[in-house]
Amino acid sequence: MGYEDSKKNEQVHTDFREKMTYGEYLDLDRLLSSQNRLSDHHDEMLFIIIHQVSELWMKLILHELRAAISAIRCGDMQAAFKMLARVSKIQTQIIHAWDVLSTLTPSEYVEFRDQLGQASGFQSYQYRMVEFALGYKTSHVLKIYEKDPELHKKLMEAYRAPSIYDAAIEALAKAGLEVNPELVDRDFTQTYHGDSSVEAAWMEVYSDVEKYWDLYQLAEKLVDMEDWLQQWRFRHMKTVERIIGHKTGTGGSSGVGYLKKVLDHRFFPELWDIRTKL
């Protein structure tokens, strides 16, 4: 059978006059027409696409994190593990995006930077929602989004909601481990900074892995996620430093200085502390 005969036998669909196409399913016309440069500089296209792709990945991260929080609170740990494993894989993709953006040189970026005005990645509301879902709650940033009441409302809901670590602490308590009861029903708008009872509970989990296998797996999934997030933050900081040095960011932040500062924040402190004490 020749190559042409083989192609005929594949019966590839070519008539889409009454059927949905791949492009229609993905809404590609709208997606691919959303890269609108404000300058004539060639490299602005790179800048726009990298940030748009990262926002799409963050949308999926939020989709998975919200479902994982719900699954943990319902006791469906296996479903949560699958979702959190996927989040970690997504994080590797976002980290590699910085490698592409770092091909933008300072001389190239300065040619269109002024066109951005005060727009900045610092204002990414999805990134704030990711931070909220992981437990880092910062109220002062909410003012940025007051321009859009619907968006501000969504952010407030995320700000008040329990984080994935709150769900994990609740799971420790449900398993019969001695956790400070005030933590289970606390004010979730407050950033969690650690508690000795939670540390003791995780120590017990890691000391008897067979008995607490699900909680042990949950802990390691959380560590994976924080590890990747910190690597993303580091690559972000180094890429910014490589392109603009120590200039103030377009959004008014201290740029590299701010990015270095947030590297010190820990989302799941006890899970790191017990490694020294085991």
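Me: Does Arg73 count as buried, partly exposed or exposed?
Reply: In this predicted model, the relative accessibility of Arg73 is 35%. Buried residues fall under 20% and exposed ones over 50%, so Arg73 counts as partly exposed.

Me: Which residue forms a salt bridge with Arg73, with the closest N and O atoms 3.1 Å apart?
Reply: A salt bridge needs a Lys or Arg side-chain nitrogen within 4 Å of a carboxyl oxygen of Asp or Glu. For Arg73 the closest N and O atoms are 3.1 Å apart, and the partner is Glu170.

Me: How many residues apart in sequence are the parts that Arg73 and Glu170 tie together?
Reply: The salt bridge joins Arg73 to Glu170. Arg73 lies in helix H4 (residues 44-73) and Glu170 in helix H9 (residues 164-174), so the separation in sequence of the parts they tie together is 97 residues.

Me: In which helix do Arg128 and Glu131 both lie?
Reply: The side chains of Arg128 and Glu131 meet in a salt bridge, 3.1 Å from N to O. Residues three or four places apart point the same way because an α-helix has 3.6 residues a turn. Arg128 and Glu131 are three residues apart, about one turn, and both belong to residues 125-134, helix H7.

Me: What is the relative accessibility of Glu131?
Reply: Arg128 is buried, with a relative accessible area of 2%. Glu131 also counts as buried, its relative accessibility being 1%.

Me: Which other helix does the salt bridge between Arg233 and Glu131 tie to helix H7?
Reply: The side chains of Arg233 and Glu131 meet in a salt bridge of 3.2 Å, N to O. Glu131 is in helix H7, and the pair ties together parts 102 residues apart in sequence, because Arg233 lies in helix H12.

Me: How many of the 10 residues of H7 are buried?
Reply: The buried residues of H7 include Gln126, Tyr127, Met129 and Phe132. Their cover includes H4, helix H8 (149-160), H9, H12 and helix H13 (256-262). H7 is largely enclosed by the rest of the structure, because its count of buried residues is nine.

Me: Which residue just after H7 takes a positive phi?
Reply: H7 comprises residues 125-134. The positive phi just after H7 is about 110°, and the residue is Gly135.

Me: Where does Asp208 lie?
Reply: Asp208 is one of the residues forming a negative surface patch, along with Glu178, Glu204 and Glu210. Asp208 counts as partly exposed, because its relative accessibility is 33%. Its place is the loop between helix H11 (196-207) and helix H12 (213-244).

Me: How many salt bridges does a search of the whole structure find?
Reply: The protein has 14 helices and zero strands. There are 34 positive and 43 negative side chains, and the centres of the two sets lie 3 Å apart. For the whole structure, the number of salt bridges found is 13.

How values were computed:
Residues are numbered from 1 along each chain as its sequence is written. This is a predicted model: local features need pLDDT of at least 70, side-chain atom pairs count only at pLDDT 80 or more; totals for chains, interfaces and linings use all residues. Side-chain values use heavy atoms; hydrogens and water are left out. Patches are made of residues with over 30% relative accessible area and no salt bridge: like charges are joined within 9 Å, nonpolar side chains (Val, Leu, Ile, Met, Phe, Trp, Tyr) within 5 Å. Accessible areas come from the Shrake-Rupley method with a 1.4 Å probe; for residues, only the protein chains shown count as cover. Lys and Arg count as positive and Asp and Glu as negative; His and the chain ends are not counted. The place of a charge is taken as NZ of Lys, CZ of Arg, CG of Asp or CD of Glu. Helices (H or I, at least four residues) and strands (E, at least two) are DSSP runs, numbered from the N terminus. Buried means under 20% relative accessible area, exposed over 50%, partly exposed in between (1.4 Å probe, protein chains only). Contact means heavy atoms within 4.5 Å.
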